[in-house]
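Me: I'm new to reading protein structures, and I'd like a close look at one part of this one. Could you walk me slowly through the sheet and whatever surrounds it?

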Amino acid sequence: MDRAADIASSPELEGAAAALRAGGLVILPTETVYGLAADAGDARAVAAVYAAKGRPAFNPLIAHVSDVAMARRIARFDDRAERLAAAFWPGPLTLVLPIADAAAVCDLARAGLDTVAVRAPAHPLAHALLGAFSGPLVAPSANRSGRPSPTTFADAVEETGAAAAVALDGGPCQIGLESAVVALLDEARLLRPGSVTRAQIEALIGPLSEAEADAKRSPGRLARHYAPNLPLRLNVTEPRADEVWLGFGAIGLPEPLNLSPDGDLAEAAANLFAYLRAADRSTAAGIAVAPIPDEGLGEAINDRLRRAAGFVG
Ligand code: TXA
Ligand code: MG
């Protein structure tokens with residue numbers, strides 16, 4: 001990450017912080033996916049984020065922070081939150097907690113809820129920008145609403161670059177799937193599976209509630225999401241002649257669109273959205289995806305695939 005280290009002390013970063021202070025939007029690399037960032041306390045900037053994504057205003061945004069200290073200023077941490085943040089921050093885990101400072105993360109960013117989602121990203125550029133800005137930044141994935149999240153700089157710029165004052169290039173995203181989202185309101189609930197797995201979370205705070213969270217508590221769980229334009233079929237071992245086949249391990253062709261020829265789930269997660277986009281750009285009639293095992297990180301991959309295909313979790 002030499003380039004990221006360079007930028008962390010560069011005029012480009014100061015330019016991005018200045019753009020945010022002026023109410024502008026910034027394309028921001030994180031270790032999960034690219035985000036479209038704005039000052040969390042600036043309702044006009046936040047409105048521009050919703051507009052750029054075509055996102056319904058009932059779906060709240062994540063407030064990104066540089067560390068636990070900044071998070072504690074905006075959200076009320078309980079013991080479970082302290083434990084999870086100590087174990088996984090900075091990193092791909094988002095905590096939904098009661099709001100502590102409603103002005104720091106404006107009503108629109110929270111979709112009017114009395115809760116706030118907080119995450120400290122691990123990418124050096126995201127961390128450096130949060131340090132330079134020295135306040136929380138909302139940053140939804142930089143895709144247009146409903147589309148696959150961008151995992152490369154080029155994909156991010158193609159999706160929402162037109163709305164951004166500055167676009168920061170941090171290279172391809174290492175993880176490739178959005179953060180796991182855990183609500184710690186009454187019972188602990190996994191609202192969105194991610195690369196921090198259910199088992200890792202339960203090891204620290206005990207069993208997660210299996211009860212389906214009500215729609216008000218997890219507004220982002222739209223049935224069709226992360227979706228390419230072509231129709232998508234899952235668990236396919238025999239694709240049709242007119243389909244692009246995304247393989248996994250021994251099921252599928254070894255080249256060029258096998259998510260992981262070695263059957264490595266982390267590699268498959270990192271490739272998933274870029275390969276869906278590549279398949280979408282082909283002349284095929286549809287996309288077929290090989291079966292992905294459902295354990296560990298596979299839970300998050302299958303969650304995204306079911307939503308991309310239009311099925312609810
Ligand atoms: O990895 C990530 O989390 C990326 C990078 C850029 O940090 N960001 C991201 O943001 O995926 P977004 O806006 O695409 O997804 C945020 C998810 C949505 O499902 C939203 O509904 C949920 O978090 N969320 C945000 N605030 C919430 C709240 N107060 N209560 C429940 N869910 C919330
Ligand atoms: Mg998103």
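Reply: Leu28 stands opposite Gly35, a residue of β2, in this predicted model. In general, strands of a sheet pair through backbone hydrogen bonds, in either a parallel or an antiparallel way.

Now step back to the whole sheet. It is an open sheet of nine strands in the order β7-β1-β2-β6-β3-β5-β4-β8-β9, and its pairing is mixed. At the edges you will find β7 and β9 (188-192); each has a single partner strand, so one side of each is left without a neighbour in the sheet.

With strand β5 (residues 115-119), β4 pairs in the antiparallel sense over four bridges, and here Val96 stands opposite Ala117. With strand β8 (residues 180-184), β4 also forms four bridges, but in the parallel sense; there, Thr94 has Val181 as its bridge partner. β4 is mostly covered, too: five of its six residues are buried.

What lies against the sheet? Helix α3 lies across β2 and β6 (137-138), and its direction is at about 160° to β2. Helix α8 (residues 198-205) packs on the sheet as well, touching β4, β8 and β9, and makes an angle of about 160° with β9.

Next, look at the nonpolar side chains. In soluble globular proteins, such side chains tend to be buried together. The largest nonpolar core here has 49 residues, and Phe77, Trp89, Leu93, Leu95, Val118, Leu184 and Ile201 have the most contacts inside it. Helix α3 (residues 43-53) gives this core its largest share, five residues. A second, separate core has 31 residues, among them Tyr226, Leu232, Phe248 and Val289.

Glu178 is found in the loop between β7 (166-167) and β8. Is Glu178 buried or exposed? Its relative accessibility is 4%, so Glu178 counts as buried. Its side chain makes a polar contact of 2.4 Å with the side chain of Ser149, and another of 2.6 Å with that of Arg304. Leaving out residues up to four places away in sequence, Glu178 also touches others, including Thr32, Val33, Tyr226 and Phe273.

Finally, there is another sheet to find. It is open, with three strands in the order β10-β12-β11 and parallel pairing. β10 (232-233) and β11 (243-246) stand at its edges with a single partner strand each, so one side of each has no neighbour in the sheet. Four bridges join β11 to β12, and in this pairing Glu243 stands opposite Gly286. Gly286 lies in β12 (residues 286-289) and counts as buried, because its relative accessibility is 4%. Helix α9 (residues 265-280) lies across β10, β11 and β12, at about 165° to β11.

Technical notes. Residues numbered from 1 in each chain as written. Chains lettered and ligands numbered in written order. Predicted model: local features only at pLDDT ≥ 70, side-chain atom pairs only at ≥ 80, totals over all residues. Heavy atoms only, no water. Core = buried A, V, L, I, M, F, W, Y, C linked by side-chain atoms within 4.5 Å. Buried < 20%, exposed > 50% of the residue type's maximum accessible area, 1.4 Å probe, protein only. Helix = DSSP H or I, 4+ residues; strand = E, 2+ residues; numbered from the N terminus. Pairing = 2+ DSSP bridges. Contact = heavy atoms within 4.5 Å. Axes fitted to C-alpha atoms, helices over the stretch in contact; angles between N-to-C directions. Polar contact = N/O pair within 3.5 Å; in protein donor to acceptor, adjacent residues only side chain to side chain.
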